[in-house]
Every structure is written in structure tokens, then in C-alpha cells.
Amino acid sequence: MATSLPSRAADLVFLDGTVVTVDREFTVATSLAVTGSVITAVGGRADVEPYIGPDTRVVDLKGATLLPGINDSHLHACHFGLSTPPMALDIAFPSVRSIADIAETVRAAAASAPAGQWLTGIGWDTSTLDECVAEPERLPCRADLDEAAPDHPVLLQDLSGHASWANSAALALAGIGPDTVAPPGGEIVRDAQGEATGLLREGAQALVQQAVPALTPQVRADAIRSALAQLRALGITSFTEPGLGPGGEDMSGGSMGSGTLDAYRTLLAAGELTARVAVLLLPTGLSSTAEEFARVTEALVPAEDGADTRWLNVIGLKIFADGVPPNKTAWMHEPYASGGCGALAVEGADDPERIAAIREMVLTGHRHGVQLGIHVTGDRGIDTVVDALAAAAESDPRPDARHYLIHGDFLPAGAMKRLAALGYGVNMNPTLKWAVADMEEELVGTERAAYAWPYRDALDAGVTVTSSSDAPVTFPDWRQGVSTMMLRESRSGRVSGAGQRISLAEALRTYTADAAWQDFAEEWKGSLEVGKVADLCVLGGELLDADPREIPGMPVLLTVMDGRVVHDLLAQAPGDAA
């Protein structure tokens with residue numbers, strides 16, 4: 001597998017491990033060399049040793065596993081940084097296990113924050129809060145937070161990012177009262193007296209988000225830096241930032257648009273990016289009209305700005321088609337267990353008007369010649385979107401558009417076949433499957449919950465499937481994702497959809513080679529082959545023989561980005577030559 005003798009010595013050489021190339025044949029080697037920013041040799045020890053020079057760093061893998069750098073292909077990195085310590089409160093399981101725990105976290109933060117300062121966080125999940133588990137009708141409310149922070153506005157988003165929990169101070173600053181009308185598709189949850197409880201769903205969240213002071217350029221850059229530090233420690237060297245633009249509201253009330261994109265450009269220019277970033281622009285958010293989408297898209301689709309697209313690539317547009325199952329806003333063919341089928345998340349007086357709006361938005365984006373990533377989760381919503389994609393392709397044939405569904409929770413068999421025929425993909429979320437599978441049984445029943453994120457069926461139908469965390473919705477731990485794809489076990493350990501299990505090789509492809517396909521980059525990244533960029537990660541232990549339940553605990557020992565070591569737990573390990 002190695003090339004001819006090198007013209008110069010390698011900068012990095014890895015010996016005596018399991019080198020999982022994820023090439024077309026899923027070749028496994030033992031050694032690899034990196035010269036500059038590219039892979040220059042892959043094979044056995046004898047193939048790679050000629051590349052060792054006096055200044056080469058030689059890493060004895062000692063049986064560890066070398067993989068392509070991980071590509072989390074749907075990850076809100078700036079929001080992830082903003083939503084995790086030190087920039088936000090930690091209100092996600094297992095750090096908190098009850099509403100009382102969250103109130104105490106808020107109380108502690110308020111004690112050291114100036115009066116009037118906003119307190120924000122993300123990650124609460126009713127399926128893990130003791131009070132809500134004991135009494136399913138019990139929901140978080142403003143009274144739970146008011147006593148803990150009477151002098152601070154508080155805004156906490158849930159696990160999905162599709163619901164927010166505010167205290168009275170935040171509602172007052174947002175001007176939400178008895179007569180406030182939620183935007184179409186959004187909901188201000190009210191009690192029996194008509195008073196806002198503090199819960200806001202879907203587009204109604206923006207009513208409070210807009211009251212939060214806008215982010216400064218420094219805060220945006222610091223949030224991305226914080227996210228990058230966490231990602232490189234996980235071996236993640238590429239991700240898609242899906243939703244920068246006028247339609248993307250962040251927890252500060254500011255748009256996750258040009259300001260955040262400018263922050264990425266600044267970090268790139270300063271050499272601070274430690275991951276490759278693909279960007280989907282979001283012209284409009286939930287409850288948009290087709291006319292608004294077309295108008296904003298016309299002004300938003302960018303010309304080339306001179307940035308190195310291998311590092312920062314504004315690749316396409318995002319469209320919201322429906323909501324999410326936990327909020328019962330995913331559009332389903334059959335009702336939820338408690339009734340209702342959800343709806344499309346666009347304006348329209350009835351279903352036919354909303355379907356027409358989705359078709360027009362998809363056609364508008366398609367005709368701009370960019371990739372479309374379409375958020376859709378319910379089976380009826382998916383059928384509607386696939387109809388729209390097929391109609392757009394027929395109206396305006398484009399080779400290799402690579403549009404894809406985002407999430408695709410309840411992807412129907414017929415939609416899979418049509419996506420495969422069109423050459424389009426779906427981006428699924430195994431870490432979310434792990435987190436919510438038990439809760440979904442109560443929402444849609446055991447059979448439908450087990451089917452959610454049907455990896456096996458989609459791959460068998462010929463669909464290109466990629467995997468992502470949707471961070472900060474879930475922590476971006478691809479190791480848990482791989483384990484979940486192989487086992488289909490929930491956080492409680494229960495099996496949810498054994499028939500949708502896939503192999504280790506298939507799971508790794510969704511995070512590497514196939515994720516590179518989504519980025520139009522499979523020719524130069526996503527696998528360990530000579531001539532491709534040296535984006536790598538070293539996982540402690542022998543991955544190919546590991547029990548899938550042990551994979552989440554295998555440490556990421558080293559991350560290499562474009563030939564440069566950016567995370568290193570091996571530097572002091574005995575036996576390594578630096």
C-alpha cells in the first residue's frame with residue numbers, strides 16, 4: 001500500500017497499531033506516515049519505516065486504533081460553546097436530575113452575577129427530571145425559577161432546542177402578557193387562568209430570545225474557541241455548522257448569522273481553527289412564508305469570499321419543514337399517543353397551503369445551485385419534503401446536488417427508495433436515539449419508537465447516511481453514537497429497534513467517508529489514503545475487537561488536524577519518540 005521511497009522524511013509516523021483506513025474496501029493496515037499536511041504512506045511497518053528521518057515524530061501505537069478524523073456533520077458549534085460551561089449553566093443530565101437541581105444551579109449562578117444579568121443554559125429534559133418522571137403532566141414553569149433568581153432574567157432551552165423555559169423576569173422583559181400572540185407554529189404555554197407558565201415552544205422562543213442582549217464579536221469568537229477545544233479532544237476534525245443566517249436565533253437573541261460567520265473567518269485568518277467547517281445558511285426560521293424565504297435567500301446566497309473552502313465552506317441552505325417528536329410538532333401520518341399529528345412549520349391556512357409553501361421553498365433553494373439541508377422528522381413531513389425534492393429535480397435537473405434530510409427520524413421506506421434514486425442523503429442522530437428512545441415510546445408507541453432513525457433500512461435502500469450529534473442537543477461524542485448504531489440501546493440499556501442495527505464498519509463510515517461525501521470532499525478527506533489530508537485521531541485500545549458497550553469509554557489519545565497535532569495525551573507516554 002505504500003508509495004515509492006520518499007523525497008523527504010515524514011513529520012509523523014505511526015507504527016504497530018490498527019490503522020482503520022475506511023477506504024472503499026475498509027482496508028486495515030498497521031502503520032501510516034504523514035508529511036506536511038498529507039498522508040504519504042499507509043501499510044505495514046516495513047512500508048512506513050523508510051519515511052522516518054531524524055526529526056520525525058514516531059508514535060508507537062502499541063495496538064491502539066488510528067482512524068480518520070471524525071466529521072460530526074450537523075453540529076451547532078457556536079451555540080454549543082455558548083451553551084456549555086464556562087459560558088452557560090450546566091443543566092443537562094446527569095449534572096442535574098430534577099427541577100430542584102436546576103433551580104439550585106440557577107440560584108448559585110445568581111448569587112455571583114450582577115443583578116439584571118441574564119442567566120442561560122441548555123439541555124433540560126423532562127424524561128430525566130424526577131418531578132416530571134413521577135408526574136408526567138408536571139412541566140417546568142416560571143415559579144420553579146422565580147425564587148432562585150428574582151433579580152435575574154433566566155432563559156433555559158431544552159434538550160431539543162425546540163422549547164425554552166423562562167422565569168417571570170425574562171417574560172416581563174420580553175413583554176409577554178395575557179394578550180401576547182405566539183407566531184404561527186409557536187406556542188406560549190398558558191395555565192388555566194391564561195397566564196404564561198414560562199414554557200415557550202418552537203417559534204415562540206424567539207419572543208424571549210430577542211430580549212437577550214446581542215452577542216459581541218468577542219463572545220462569538222470565545223464560544224467557538226470553547227467548542228473547538230472540546231471537539232479536538234474528541235477527535236473531531238470536521239463539522240457542519242447548520243443554521244447561520246437571519247433565521248437562526250441564538251440564546252442571546254442575536255442572529256447566528258453574519259456575525260458568527262465573521263467570527264469563523266477571523267479565527268481562520270488567525271490560524272485558530274482546529275476543525276474544517278461547512279456552513280448551511282438559514283434564510284428564515286420556523287413559521288416562515290415561501291415569499292420571505294425567496295426574498296432573503298436572494299440576498300443571502302454568497303459569492304466567493306476568498307476563504308480556503310477546505311477550511312471554511314459556505315456550502316448551502318437550511319430549511320425547517322416541521323418540528324420535533326418530543327414537542328409533538330413533527331408532522332406524522334398517524335396521531336401521537338395523546339392525539340394530534342403535528343404540522344409543517346411554515347405559514348399557511350391549511351395543509352395544502354403549507355405543502356405548497358414547502359415545495360416553493362425547496363424549489364427556490366434548488367434553483368440557486370446550492371446544497372439543501374432540510375430539517376424534517378415526522379414521516380408525513382418527510383414524504384412531503386421528498387415530494388418537493390423530486391419535483392424540484394424534475395423542474396430543474398442538476399447533477400450531484402447532494403441535498404439531504406436533517407434528522408429524518410421516521411423515514412418511510414418509500415422515501416428511502418426515492419432519496420437513493422435521486423442521489424440524496426439523510427443525516428441521522430444516534431446520540432439523540434440513545435438519549436430519547438425511552439421517552440419516545442410514550443409519545444408514539446413502542447413500535448414507532450423502535451423504528452426511529454432506521455439506519456439498517458436506509459443503508460439497505462442505498463441512501464447515503466451520515467451521523468451527527470446536533471450539539472448542543474446532545475454532547476458530540478461519536479463513540480456513543482457508534483455504540484448506539486451497533487446496539488440500538490437507549491440510555492437505560494433497553495433495546496430499541498434491534499432490526500435497525502448496523503456494523504462497526506458501516507457506523508464509522510457515517511462519521512468519516514460518507515460525511516465527507518455530504519461535504520463534497522470525499523476525494524481529499526474522510527479516509528486514510530495516500531494523498532488525502534492528514535486529519536486523524538487515535539483511539540486507545542483495539543476498536544475492531546471491542547465490545548460495543550466499551551466503545552464510549554475508549555479514550556481519544558491524539559488528534560491531528562491537517563498534519564498538525566492539536567490534542568495530545570501521548571506526548572509524555574514512555575516509548576514514544578518526539
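**Strands, rings and cores**

Three bridges join strand E8 (residues 70–72) to strand E15, and the two strands run parallel. The model is a predicted one.

**The open sheet**

- Eight strands make up an open sheet with parallel pairing, in the order E8-E15-E16-E17-E18-E19-E20-E21.
- Its edge strands are E8 and E21, each of which pairs on one side only.
- On average, neighbouring strands of this sheet are turned by 25° against each other, direction ignored.

**A hairpin**

- Strands of a sheet pair through backbone hydrogen bonds, in either the parallel or the antiparallel sense.
- Strand E4 (residues 31–35) pairs with E5 in the antiparallel sense over five bridges, and Leu32 stands opposite Val42 in E5.
- Two residues lie between the strands of this hairpin, where Gly36 takes a positive phi near 65°.
- Five of the six residues of E5 (residues 38–43) are buried, so E5 is largely enclosed by the rest of the structure.

**Aromatic rings**

- A pair of aromatic rings is described by the distance of the centres and the angle of the planes.
- The structure holds three aromatic pairs.
- In one of them, the ring centres of Phe80 and Phe475 are 6.1 Å apart and the planes stand at 65°, so the pair is edge-to-face.
- Phe80 lies in helix H2 (residues 77–83), while Phe475 lies in the loop between strand E21 (464–467) and helix H17 (478–487), so the pair ties together parts that are 395 residues apart in sequence.
- Phe80 counts as buried at 1% relative accessibility, whereas Phe475, at 43%, counts as partly exposed.
- Another aromatic pair, Phe239 and Tyr264, is tilted, with 6.4 Å from centre to centre and 55° between the planes.
- This pair links distant parts of the chain, with Phe239 in strand E15 and Tyr264 in helix H9 (residues 258–269), 25 residues apart; both Phe239 and Tyr264 are buried.

**Charges over rings**

- The charged end of Arg276 sits over the ring of Trp311, at 4.9 Å from the ring's centre.
- Arg491 lies over the face of Trp434, 5.5 Å from the ring centre.

**Nonpolar cores**

- In soluble globular proteins, nonpolar side chains tend to be buried together.
- The largest nonpolar core has 104 residues, of which Leu405, Leu411, Trp478 and Val482 touch the most other members.
- Helix H12 (residues 379–395) gives the most to this core, with seven residues.
- A separate core of 22 residues lies apart from it, including Ile99, Ile102, Ala148 and Val189.
- With neighbours within four places in sequence left aside, Val482 is in contact with Leu504, Ala507, Leu508, Tyr511 and Ile551.

How values were computed: Residues are numbered from 1 along each chain as its sequence is written. This is a predicted model: local features need pLDDT of at least 70, side-chain atom pairs count only at pLDDT 80 or more; totals for chains, interfaces and linings use all residues. Side-chain values use heavy atoms; hydrogens and water are left out. Buried means under 20% relative accessible area, exposed over 50%, partly exposed in between (1.4 Å probe, protein chains only). Helices (H or I, at least four residues) and strands (E, at least two) are DSSP runs, numbered from the N terminus. Two strands pair if DSSP finds at least two bridges between them. Rings of Phe, Tyr and Trp (its six-membered ring) pair if their centres lie within 6.5 Å; planes under 30 degrees apart count as stacked, over 60 as edge-to-face and the rest as tilted. A charge sits over a ring if NZ of Lys or CZ of Arg is within 6 Å of the ring centre and within 35 degrees of the ring normal. A nonpolar core is a set of buried Ala, Val, Leu, Ile, Met, Phe, Trp, Tyr and Cys residues joined through side-chain atoms within 4.5 Å. Contact means heavy atoms within 4.5 Å. Axes are lines fitted to C-alpha atoms, for helices over the stretch in contact, and angles run from 0 to 180 degrees between N-to-C directions.
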